[in-house]
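Here is a walk through one structure, written so that you can follow along with the model on screen. Have a look at it before reading on.

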Amino acid sequence: MIVPPNKPEPLPVPEDIGTARQLWWGVAGLGVVYTGASVVTMYGQRGDLGEQLLEQTHKTDPNITAATVDALILVAFGVTALIGLVLCGVTALLAHQLGRGKSWARAVLTVVAVWLVLGAVATMFNIAAVSGAAALVSGATAIVQGVLAAGAAYLSFRPDSTRYFQLNKR
């Protein structure tokens, strides 16, 4: 394959960026676990949610049935799972773009890392109030995601990583 003379050869991916990309893939994988555990936790509380929703909807529509409310709750669980899985996929896609030297991916993932770290800190303070295995799994997963994201963000801004993004300009 002949490379045009105007196009510079791409820089090799620094080890820190390769590690950061793997950490983000870990965050995405744990996001699948978190989503599943959260949906299981919500499913366990569907009776309370159904009663609250039925009480609130009776104020505006007294003809709504409990079966309709239960169906709405199940749809909400499905939508929650779908959104969670889409976010996991987007995180994996952003991690791939990070490895290709896209500065915008580094910026977006840094914002995500800050969000996940703040969520992990909040979860650490609330973990004692958790009841149930699924809620414990989702809480522990949130903490580990925050730690992985913080490490990935740190590695993305090390000197070799910053040079990689500045010189690649992709």
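How many salt bridges does a search of the whole structure find? The search comes back with two, a salt bridge being a side-chain nitrogen of Lys or Arg within 4 Å of a carboxyl oxygen of Asp or Glu. Before the details, a word on the ground rules. This is a predicted model, so local features need pLDDT of at least 70 and side-chain atom pairs count only at pLDDT 80 or more, while totals for chains, interfaces and linings use all residues. Residues are numbered from 1 along each chain as its sequence is written, and side-chain values use heavy atoms, with hydrogens and water left out.

**The salt bridges**

One of the two pairs R158 with D16, and their closest N and O atoms are 3.4 Å apart. R158 sits in the loop between α5 and α6 (159-168), whereas D16 belongs to helix α1, so this pair ties together parts that are 142 residues apart in sequence. Helices here are DSSP runs (H or I, at least four residues), numbered from the N terminus. D16 is buried, at 17% relative accessible area, and R158 is partly exposed at 33%. For those words, buried means under 20% relative accessible area, exposed means over 50%, and partly exposed is in between (1.4 Å probe, protein chains only).

The other salt bridge joins D160 and R163, with the closest N and O atoms 3.0 Å apart. Both of these residues lie in helix α6, three residues apart, or about one turn of the helix. D160 is partly exposed, at 42% relative accessibility, and R163 is partly exposed too, also at 42%.

**The largest pocket**

The largest pocket holds about 600 Å³. A pocket, on a 1 Å grid over the protein atoms alone, is an open set of points where a 1.4 Å probe fits, with protein on both sides within 12 Å along at least five of seven lines; lining residues have an atom within 4 Å of a point. The volume is the space filled by probe spheres set on the points, which are joined across faces, edges and corners.

The lining counts 26 residues, and the closest to the pocket centre are Y34, L87, W115, L116 and Q145. Two or more lining residues come from each of α1 (15-44), α3 (66-99), α4 (103-126) and α5 (133-156). Which of these elements gives the most to the lining? That is α4, with nine residues. By class, the lining has 17 nonpolar residues, nine polar ones and no charged ones. In that count, Ala, Val, Leu, Ile, Met, Phe, Trp, Tyr, Cys and Pro are nonpolar, Asp, Glu, Lys and Arg are charged, and the others, Gly among them, are polar.

L87 has already come up as one of the residues closest to the pocket centre. V79 lies in helix α3 and is partly exposed, at 42% relative accessible area.

Helix α4 holds both V111 and A113. V111 is exposed, at 59% relative accessible area, whereas A113 is buried at 3%. L49, in helix α2 (residues 46-60), is partly exposed at 33%. A140, in helix α5, is partly exposed at 38%.

| Pair | Apart in sequence | Apart in space |
|---|---|---|
| A140 and M42 | 98 residues | 17 Å |
| V111 and L49 | 62 residues | 32 Å |
| A113 and A67 | 46 residues | 40 Å |
| L49 and C88 | 39 residues | 26 Å |
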